Amino acid sequence: MLSDPVRKRTLLRDVNRRIHGVNSSLVEPSGPQLHCECARTDCTERVRVPREICDHVLAEVGTFIVAPGHELGDEQVLVGGATFCLVVPPPADPVCADRRASASLRACA
Ligand SMILES: [Zn+2]
């Protein structure tokens, strides 16, 4: 299991994009089951997310899909659903800062 929350989130985002990419070629009306992108290094939760949400969020930088209850206290909750939540870490979050430094990615909000 990954010990670094920043690395974990980055890798899971890549995995989730691939899952969504494969799922998009299938007929799965309820959307793909993605890995929870929370900062807990021991989390193995999966969350089912509607396809239209995936299209939007997985293209975003700095917004994460987490299981309900996996939000950290300092994260902004954009959507608090029954099956998934969308959260934004605080601006000082290293994931956000790392990605802000990358010229190929959009800056964090
Ligand atoms: Zn989690």
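**Figure 1. Contacts of Ile65 in the predicted model.** In this predicted model, Ile65 is in contact with Leu34, Glu37, Val47, Val49, Val57, Phe84 and Leu86, leaving aside its neighbours within four places in sequence. Two of these partners, Val47 and Val49, return in the next view.

**Figure 2. The largest nonpolar core.** This core holds 15 residues. Val47, Val49, Ile65 and Val66 touch the most other members. Across the chain of 109 residues, 28% count as buried.

**Figure 3. The open sheet of three strands.** The strand order is β3-β5-β4, and the pairing is antiparallel. The edges are β3 and β4 (76-80), each of which pairs on one side only. On average, neighbouring strands of this sheet are turned by 30 degrees against each other, direction ignored.

**Figure 4. The pairing of β3 with β5.** These two strands pair in the antiparallel sense over 3 bridges. Val66 has Cys85 of β5 as its bridge partner. Val66 also belongs to the group of core residues that touch the most other members.

**Figure 5. The hairpin of β4 and β5.** Between the two strands of this hairpin lie 4 residues. The strands pair in the antiparallel sense over 4 bridges. Gly80 has Cys85 in β5 as its bridge partner. Cys85 is also the bridge partner of Val66. Further along the pairing, Gln76 stands opposite Val88 in β5.

**Figure 6. The cover over β4.** How many of the 5 residues of β4 are buried? The count is 0, and the strand is hardly covered. β4 is also an edge strand, pairing on one side only.

**Figure 7. Val6 in helix α1.** Val6 sits in helix α1, which spans residues 5-24. Is Val6 buried, exposed or partly exposed? Val6 counts as partly exposed because it has 16 C-beta neighbours inside 10 Å, whereas a buried residue needs 20 or more and an exposed one has 12 or fewer. Ala39 lies 33 residues from Val6 in sequence. In space, the two are 7.3 Å apart, C-alpha to C-alpha.

**Figure 8. The whole chain, for orientation.** The chain has 3 helices and 5 strands. Read along the sequence, the pattern is α-β-β-α-β-β-β-α. Among contacts with a separation of 6 or more, 41% join residues 24 or more positions apart.

Methods: Residues are numbered from 1 along each chain as its sequence is written. This is a predicted model: local features need pLDDT of at least 70, side-chain atom pairs count only at pLDDT 80 or more; totals for chains, interfaces and linings use all residues. A nonpolar core is a set of buried Ala, Val, Leu, Ile, Met, Phe, Trp, Tyr and Cys residues joined through C-beta atoms within 7 Å. Two residues are in contact if their C-beta atoms, placed from the backbone, lie within 7 Å. Two strands pair if DSSP finds at least two bridges between them. Axes are lines fitted to C-alpha atoms, for helices over the stretch in contact, and angles run from 0 to 180 degrees between N-to-C directions.
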